[in-house]
Amino acid sequence: MVRTPQCQEECKGDKFGVNCKDICHCVDNKKCDRRNGTCPDGCAAGYDGDNCQQECSSGSFGDSCKEHCHCSLPCNHVNGSCPGDCDAGYSGSSCQEECEGDKFGVNCKYICHCVDNKTCDRRNGTCPDGCAAGYEGDNCQQVCSRFTFGPQCKKSCHCSKPCNHINGSCPGECDPGYTGFNCQAVCREGKFGANCSGVCHCVDNKNCNKQNGSCSDGCSAGYDGVSCLQECSSGSFGHSCKEHCHCFRPCNHVNGSCPGDCDAGYSGSSCQEECEGDKFGVNCKAICHCVDNKTCDRRNGTCPDGCAAGYEGDNCQQECSNDRFGLGCNVLCRCSEKCNNINGFCPGTCDEGYHGFNCQKEKSTQSILVLVLVPLLLFILLIIGLAAAIWYWKFRSKRPIAKRDEKIRKIPENKYAEAIPEDTAQLYEEIQLNENESIYVNMASTSFKSNLQEYVSEKKRELEPFNDEFLRLPKTLPLPYTEATKPENTKKNRYKTILPYDHSRVRLQPDEMSSSDYINANFISNQRYIACQGPTQNTVTDFWRMIWQLKCNTIVMLTDIVENGKMKCMQYWPDEEHTESFGNIEVTHINTSYHSTHIHRRFIISKSGGHQNERWTIDHFYFNKWPDHGIPQHTEYILEFRNAVRFREGTTSSLVVHCSAGVGRTGTYICIDTLLNEMLSGQAIDVLACVTKLREERMHMVQKRIQLEFIYDVLVENILTGDYDIDVNNIPKEFSRITETDHSTRVSILEHQFQDVIKQVEVRDTDIALKEGGEYANFNISGVFIDGPSCEREFLVTKSPNENSVLEFLMCMRKRGYLNIVAFDSSEAAPIYLPRTLNETVKIGPYLLELINVEGKDVCIHSVLKVECDNNSRIEEFEINHFQVAIWADGNYPSSAEILKLSDILSAHQNEQFNKKIAVYCRKNFHKSGMLCVIHILKAAITSQSVVNIVRLVRLVKKIEPNIIPDSESYAFVWKVAEYLQNESSLYSNFVQ
């Protein structure tokens, strides 16, 4: 149609019909027929009919009016929006969304309370399986009544006020006899009253009335009276107050502990224990110094048979004077400084005409001859060594990657057959394990390693781990030790109760030095080992006779010469670059090297009057981490030490192992070495059977429960880290291998190592403040000690000192002897104790610090500080060497060459100084300072050892401080530096120069 008056214009836009008055309602706003309004593709949302002019009827909307509203009032015919509330079970602007989660009802406003968080009926909220805890009713909307709670509101509260309807927690106190956050727990034994706050004083903490605390069976120790509320009177304690104290002041009424000192001759918390062993006096604090380790009078310390070497006086408490030492203080020191009061060891230089470790040997023309021959001999050995080195480097690259060396010491069974007499050989072979005296723990299976780990983990939860197993071990065996008790041999035994069995004892061959065949030593494991006591003055020649006759070339020493003021083993070797004779056997000490766990000495043994070529080199390994009757602090120490012993060259003879008595530490080490060899060869391991077998060959092997526990701990640590031993030449190849991505997990092998092995460590608490007492008790300083290659506790890793802690920091450095300080703080924020210019001074408390020298290097600034300390009107002077690190100022790691150069500067400085200790600090989390320590230790290992274990090193350091090497990125940096050090050694040498 057209419009009037002319009606020549067609309808435009969305208009149609007469005079174009009607509006089209076509889908997507398409044009309709200009005459009748029909839509070729259908109606727009909200409309229906032939020409789409009819709105959707009530309750429908949308395209073709096919959508249905869920509204309480008619909805919008186009988009379905509701002018009022939605029907129950629906929500949203068009009420099209069904209630979700825990909602129901009109507009989904209500919350379901169904058991196990199950869904409820979306319309009325009913729960098919019942109500959740704290609710009841048809649709679970009703809260439990005041004194009920829980599922179906069936639990009763034991509260003074209404409890929480869900979990029963009480806003006030519990009823008498109950405790816990919901007052459901009945008072445990020994407690009574509201919240169980009352303490019962009933015998054995039993039969105490939970409501009022009355005791039906009598009072506990320390209490008396009808109601057991009366403490024991002064001077008495214990059950029925019948025990008497040995205290100067009134003791604790319960256990008898003393607030002050015990009477002389007594010790313990209640002063009931008489002094034992070598202790005497008040609180048994004083140590006896009697000859032959005999016991002294427990009260005054007097020795019936005289004083031990190094002591004199009425009760042998006075050390020998400066110029005397030894038994009766009768030996004259010939030393420039005060000598050791026991053995005369000289820390300085010997007087003119004397030499030896205690300067007691007079120099002679023979010594002059030695000075000529020894350099000549060393020159010959050098030539031989160079030839051997060329051969060694030629074939060294064939060593495997990240696998333990499978070389196990094997000795021909008949090599030393003459050492075991024929009349006892049969007895030696027929010893059997008594099943009634041992417990068998067989870990042989495809998963024996995980079984062993689970077994140890379970036992470690006990109060005294492995105590039952230790008690089942045979204490003594009915085996003869006749030779050891003969009068001519008793003086050769260090301890009267540690004697070698006849059937396994080492029998020496009579020679020109002695006709005796006796030495306190036993063959172990088919002569793989020799376990012996530490040599004494009476037995040192016999010890070297044994070494010579059995052609031993390796000695493992597990004791120090003096421990806790007592002589444990004499120094049976000469000083470095000296020769000493033991009978007609000569021992020359050719060199000494120091490592983080041990000292490695090398001797040449020969026999005067014998063939010139009858000589060989002896490797002497002294493990310095093992206290007497104790265990090393970390299992990693013994594994690293064992590797050093394992990977020595040319081992063909029995391994000689000794401590002091030759049973505790010696037995533990031999047991560990034996079991690890069995694990390496794929055999089943049985710890208790191994210890039992050792005790059949030498009495009392593995003396303490904690030593048995340590054996298990070492086995577990070796399971975790033993497969990561690697030849240093293969470090670059191994680093390349572990940085490859594991396609099954999409992470690298290195990441697996860090997450699964390194990160899973049990942290040891070694914070300084927790270790100290007295002056250090209130130190505001936090840090950990880390052993290094130069000395024990070589590194103190701590945090940057601030204004509040700088005085304590300086006190700690002086007291602890950390006079070499490495600071990772940026140069813009120099330490507040460090003067800025030469000759400038800084005063901090009693310390006056003066900058006397500064030397700039590429990676650090080396400052020398002269420090004066006003120590109670006495001025003490010392120097601090301060290294301000100039690299790693931002978050990016330094280059491998830079961090190694910093380490090398510190090493060079250590070599020039007597004091090897280094304090290292940074501002945050020990990250940089700890990394430097790890690199320093690893560098020493790579440059001095043929095999290293980076995984084990990082695990050890993280046990001490978990913030060191915090992530796989820092772990990868350790490997990167190791790779650089090994792969770019020539470039590294040029860079350092």
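The model is predicted: local features need pLDDT of at least 70, side-chain atom pairs count only at pLDDT 80 or more, and totals for chains, interfaces and linings use all residues. Residues are numbered from 1 along each chain as its sequence is written, and side-chain values use heavy atoms, without hydrogens and water.

**Nonpolar cores**
- The largest nonpolar core has 57 residues (buried Ala, Val, Leu, Ile, Met, Phe, Trp, Tyr and Cys joined through side-chain atoms within 4.5 Å; buried means under 20% relative accessible area with a 1.4 Å probe, protein chains only).
- Ile786, Val822, Phe824, Ile965, Tyr971 and Trp975 touch the most other members.
- A second, separate core of 49 residues includes Val456, Ala531, Cys690 and Ile711.
- Beyond four places in sequence, the contacts of Ile786 include Phe795, Cys933, Ile937 and Ile964 (contact: heavy atoms within 4.5 Å).

**Helix H11**
- In H11 (residues 731–738), Ile731, Pro732, Glu734, Phe735 and Ile738 are buried.
- They line one face of H11, because they fall within an arc of 165° seen down its axis (directions from the helix axis to the C-beta atoms).
- Their cover includes helix H12 (749–758), H16 and helix H18 (968–983).

**H7 and H17**
- The axes of H7 (residues 635–646) and H17 (residues 950–960) come within 10 Å and cross at roughly 155° (lines fitted to C-alpha atoms over the stretch in contact, with angles from 0 to 180 degrees between N-to-C directions).
- H7 and H17 are therefore roughly antiparallel (over 145 degrees).
- Contacting residues include Tyr637 and Leu639 of H7, and Arg952 and Leu956 of H17.

Methods:
Buried < 20%, exposed > 50% of the residue type's maximum accessible area, 1.4 Å probe, protein only. Helix = DSSP H or I, 4+ residues; strand = E, 2+ residues; numbered from the N terminus. Parallel < 35°, antiparallel > 145°, perpendicular 65-115°, else oblique.
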